[in-house]
Amino acid sequence: MTIKVTFPDGAARDYPRGTTGTTIVESISKSLAKKTVAMRWNGVLSDLSDAPEADGKIEFVTRDSGSKDVLELIRHDAAHVLAEAVQELWPTTQVTIGPVIENGFYYDFKRDEPFSEEDFPAIEKKMAEIINRGAAFSKEIWTRDQAKDFFATRGEAFKVELVDAIPADQSLKMYKQGQWIDLCRGPHMRTVKDVGTAFKLTKVAGAYWRGDSNNPVLSRIYGTAFATREELDAYLHMVEEAEKRDHRKIGQEMDLYHFQSEAQGSVFWHPKGFVLFNQMEAYIRRRLDKAGYQEVKTPQLMSSKFWEQSGHWGKYRENMFVVPDEVPGTEDEGPVLSGTGELMALKPMNCPAHVQIFNQGIKSYRDLPLRMAEFGCCHRNEAHGALHGLMRVRQMTQDDAHIFCREDQIQSETEHFVHLLYSVYGHMGFDNVVIKLATRPENFGGTIERWDAAEKALGDALRATGYDFEIAEGEGAFYAPKLEFHLKDAIGRSWQVGTLQLDYVLPERLDATYVAEDGTRHFAVMLHRAILGSLERFIGMLIENYAGRMPMWLAPTQVVVATIVSEADEYAEKLVSQLKAAGIRVELDVRNQKINYKVREHSVGKVPLMFVVGKREAEEGTVSVRRLGTEGQKVEPFMDALVALMAEATPPDLKEKAT
Ligand SMILES: [Zn+2]
Ligand SMILES: [Zn+2]
């Protein structure tokens, strides 16, 4: 009996049934076989040692391909090697699970004394030793009882629990590398040697078994691995750079904002931080105004009835802050609330409220598209542990807008939006934008015809803009496709920022209709779209992208006028009032401190410019200009420096208008 194997180039060959992937690749080319570590059989990532039973398509996964597959395999295998190394060094340690995660992998161990980073050199050395021994991965199929006995006799209580959780009729895969064996879904590469040398343990943390705080605490070791040393080094450099740029640290140095435990996940914006926030908001407001949007403001607190109608109560309630509509009791002893008041919720999003405004009065086809914008302050009940500085907050301000339009306007509105978004990102300093069109998922609502038409409209709009885009197959929302916009920052990290979500459902739920040309009523189509997403997060991202060195138009303080001697105080004060009159955000520093001290302090605060003045400058009407991040200074007539600064401080959209 033979099976027909089809190769990526379309060629096909017959092989005896029972031929392994290894043999197949060797029959093609010895050099290809040398670097092939796994295969995709009919699209499924598989062990190269598997022997296909029927006709199918084969793709070889080579170690040097740089693909996501290879990275996952390397990291998964590295996790196994880590576990083997730990048990070889500390035999009484119990193993649990060790998945691949973004940027690496971890393994959770049960050990009386938790691991510390001081253990890393020994573990890494042992891992290298194991990799060098080069044991092959081999797969065995066991019954559940076999596996249970095996782990029970070894005192691996957690593994026994894992085996128990697998349905009785399923067989189990056990992967062996030398003497070490683990329950695993696989697949794996050929041998542990394929892991290579580009791996590193990165940190330790405590973690509850199965994420449940009633369970024992495990010791989690994180690591990462790459195909090459160069890639690992580049990654480690990026992590180091990201730490230096951490917006939480820089935000404090720049005195922008703080958090405190009494208001978890909600920002206390300080004066300087709020200048930045307001600059961003003003900029977006100007852009939306020019792009034909109308700004609105909607209630923060709305009845649960309203959220039931919109569907959020059913699907989204666990993320909402729910409060009773009741006057609380004031007696010390009595209950604060009786619990009988109607339930209200802080809005987690603005969409249903915008529909209420749309629904005021009858809309005709001539009123569409109607672009409704709001700097919507939304609350989402994120777990405390999930909060992360400005990046993940509970109270956020979205640059939200909804476009109500006809079906035949989806394409032009999308195109219009994408141009606006690119222009905004460009002004913020981001040129590297990746667009993804997220298409119909397996579970979807509505008809295929409508999905096809919607995907085509979004795709055509993107093609018309001339920007490249990727298809994110099956990643659309349940009810309609969407566009995602990802930005690459200065150190190569990718951030999903903008979105455009098509929506037929909400207008139907909330009865948002318009009168068509023929006098019949139609449901409007809604486009939920955001460019920055949340202002908080975007500002966090900007801080990290620029390492706090904001472009002049966004800098909270644009210039400090600092004196060298007190004789220049009066001159400095005069300059400050002239700068203020010109609309420049300026601070005066006439403290009795050495100029080097002042320079150091303002550079920690990331002030882009300093005008240093002494006796000579006062006499000559000049300033010594010092720019953040550069050595030395340049003496200029004050007026020249002022004019140059005014030009530099002009927001980019207003600059364009001027030229
Ligand atoms: Zn595994
Ligand atoms: Zn929305």
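Of the 64 residues in the largest nonpolar core, Y425, F485 and F538 touch the most other members. A nonpolar core here is a set of buried Ala, Val, Leu, Ile, Met, Phe, Trp, Tyr and Cys residues joined through side-chain atoms within 4.5 Å. Buried means under 20% relative accessible area, exposed over 50%, and partly exposed in between, with a 1.4 Å probe and protein chains only. Helix α13 (residues 410-428) gives this core its largest share, 9 residues. Helices (H or I, at least four residues) and strands (E, at least two) are DSSP runs, numbered from the N terminus.

This is a predicted model, in which local features need pLDDT of at least 70, side-chain atom pairs count only at pLDDT 80 or more, and totals for chains, interfaces and linings use all residues. Residues are numbered from 1 along each chain as its sequence is written, chains are lettered from A and ligands numbered from 1 in the order in which they are written, and side-chain values use heavy atoms, with hydrogens and water left out.

Take Y425 next. Leaving aside neighbours within four places in sequence, Y425 is in contact with F430, V433, F485, L487, V497, G498, I531 and F538. Contact means heavy atoms within 4.5 Å. A second, separate core holds 34 residues, including L45, V81, F115 and I221. In soluble globular proteins, nonpolar side chains tend to be buried together.

Now the sheets. An open sheet of 8 strands runs in the order β16-β20-β21-β28-β25-β24-β22-β23, with mixed pairing. Two strands pair if DSSP finds at least two bridges between them. The edges are β16 (294-295) and β23 (469-472); each has a single partner strand, so one side of each is left without a neighbour in the sheet. Inside the sheet, strand β25 (residues 494-503) and β28 run antiparallel, joined by 5 bridges. Q501 stands opposite H528 in β28.

Which helices pack on this sheet? Helix α9 (residues 271-290) touches β16, β20 (370-379), β21 (395-405) and β28, and its direction makes about 160° with that of β20. Helix α14 (residues 448-465) lies across β22 (433-438), β23, β24 (482-488) and β25. It runs at about 160° to β22. For these angles, axes are lines fitted to C-alpha atoms, for helices over the stretch in contact, and angles run from 0 to 180 degrees between N-to-C directions.

Distant parts of the chain are linked here: C351 is in helix α12 (residues 351-358) and H528 in strand β28 (residues 525-534), 177 residues apart. C351 and H528 are buried.

Another open sheet has 5 strands, ordered β2-β1-β5-β3-β4, again with mixed pairing. Here β2 (12-16) and β4 (44-46) stand at the edges, each with a single partner strand, so one side of each lacks a neighbour in the sheet. Neighbouring strands are turned by 40° against each other on average, direction ignored. Strand β1 (residues 2-6) pairs with strand β5 (residues 56-62) in the parallel sense, over 2 bridges. V5 stands opposite G56 in β5. Helix α3 (residues 68-89) lies across β3 (36-41), β4 and β5, at about 65° to β5.

K126 belongs to helix α4 (residues 120-133). K126 counts as buried because its relative accessibility is 14%. Not counting residues up to four places away in sequence, K126 touches A85, E88 and L89.

Some backbone details remain. Most residues other than glycine have a negative phi, and most peptide bonds are trans. A cis peptide bond joins G186 and P187, with omega about -5°; P187 lies in the loop between β11 (180-183) and β12 (199-208). Another cis bond joins L368 and P369, with omega about 0°, and P369 lies in the loop between α12 and β20. R210, not a glycine, has a positive phi of about 60°. R210 sits in the loop between β12 and β13 (217-225) and is partly exposed, at 47% relative accessible area. K606 also has a positive phi of about 60°. K606 is in the loop between α18 (595-604) and β31 (609-613) and, at 14% relative accessibility, counts as buried.
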